[in-house]
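Please look over the sequence and the structure shown here before reading on. The paragraphs that follow lead from the naming of elements to the ligand and then to some single residues.

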Amino acid sequence: MKRFALGLAGAGLLATSLIGAPAYGEGLAGAPAPFDKGGVKVALVTFISAGDFFQAYQAGAQKQAKALGIDLQIFSGRQDAAAQREQVEQAINLGVQGIIIDHGQPESLKDVAQKALDAGIKVVAFDVDLGNPAIPQVEQSDHELAKAALGQAIADHGTAFNAGYVYVAGFAPLDRRNEVWEETKKANPGIVEKARWGAVNDTTASSTADQTKAAFQANPDITVVFAPYDEFARGVKLATDELGISDKVKIYSADVSTADITEIAAEGSPWVATAATNPAVVGEVSVRAVAKLIAGEDPGHNIVVKPVLITQKDLRDNAIKTVEDLNVKLPAFGKSDAATASWIPVATQ
Ligand code: SR1
């Protein structure tokens, strides 16, 4: 786990490599086939379309695709497993060379992913385990991420407190973070889970806020909430603000965006720490991984982007207001060396 650190930055680190990027259909000088000639098409088939994390992930994927001269088509799944499955089939029919599958339900995707492989299409999965040795898995080291957020909760509150926990089973990153939550409770019997709630839908934050209000009305002695997805944390904060209890509760989360930074750093905010990658970097890594496969190179099977711990104090002390500020103050947050190659221009954030 990288910890927030000052003074490591240089504005030059923000330079992107897009100047001179090939247009779609033009070759990339010095790249292996088919990138030397250009015309590579890739589909990014998403399950969750809304929210800051996923928008930033897609923007990072587009930026890296552009740097490689790839025509990247994004399919929005809108949390609909049947639609996502159909979109994988559409991508196959479009004749793409690569498909990135971003979240989703393994059981509705495994056979269509295999169909893509059988058609000679390279497939990479982000945060969905398709259980296929031919499909590399991109993830954010969710165990490390959850350990960092919970480690901060224990540093702040000790090993005995009444907790609320926001969780929805069936999403690979949330399931991995849940393993750490269960281990943490087992190792610290003084941490008592008083209530568990959560929803993932088109309006995750507001649904979570409604559920949070009910949870706090039934359990007014909760002092710590572990909400390991920023839409969950936003919902919890909305609820504690509305209930007028934000001075009695602290929220520990995953993910970060510029809007999250504003919420965390705000005067009186109960949201005190988050463990996060830069989601745009995860999008870039996903595109590089599929590009390497298309070029006949091995990106590795488990491709991990490491998170950093970001506290309210870090943000306030260092006047961090945006994700771009974080990239500058903490270069390890703004780039990853996962799935790189000498011929791949790295689209640094
Ligand atoms: C519903 S799954 C949400 C998570 O997916 C990504 O891994 C993000 O980190 C987010 O927390």
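Helices (H or I, at least four residues) and strands (E, at least two) are DSSP runs, numbered from the N terminus. In this numbering N318 belongs to the loop between α10 (312–317) and α11 (323–329). This is a predicted model, in which local features need pLDDT of at least 70 and side-chain atom pairs count only at pLDDT 80 or more, while totals for chains, interfaces and linings use all residues. Residues are numbered from 1 along each chain as its sequence is written, and side-chain values use heavy atoms, with hydrogens and water left out.

N318 counts as buried because its relative accessibility is 13%, where buried means under 20% relative accessible area, exposed over 50%, and partly exposed in between (1.4 Å probe, protein chains only). A polar atom of the N318 side chain lies 2.8 Å from the backbone oxygen of D314.

The ligand is surrounded by 13 residues, and the closest are H103, D127, Q140, R177 and D255; a residue is near a molecule if one of its heavy atoms lies within 4 Å of it. By class this shell holds 8 nonpolar, 2 polar and 3 charged residues, with Ala, Val, Leu, Ile, Met, Phe, Trp, Tyr, Cys and Pro counted as nonpolar, Asp, Glu, Lys and Arg as charged, and the others, Gly among them, as polar. Helices α1 (52–68) and α5 (172–187) each supply at least two residues of the shell, and α5 gives the most, with 3 residues.

Oxygen atoms of the ligand lie 2.8 Å from an N or O atom in the side chain of H103, 2.8 Å from a polar side-chain atom of R177, and 2.6 Å from a polar side-chain atom of D255. Taken alone the ligand exposes 320 Å², and the protein buries 100% of that, with accessible areas coming from the Shrake-Rupley method with a 1.4 Å probe.

H103 itself sits in the loop between β4 (98–102) and α3 (106–118), and H103 counts as buried because its relative accessibility is 4%. Although H103 is not a glycine, its phi is positive, at about 60 degrees. Q79, in the loop between β3 (71–75) and α2 (81–94), also is a residue other than glycine with a positive phi, near 60 degrees.

Notes. A polar contact is a pair of N or O atoms within 3.5 Å; within protein, one must be able to donate a hydrogen and the other to accept it, and residues adjacent in sequence count only if both atoms are side-chain atoms.
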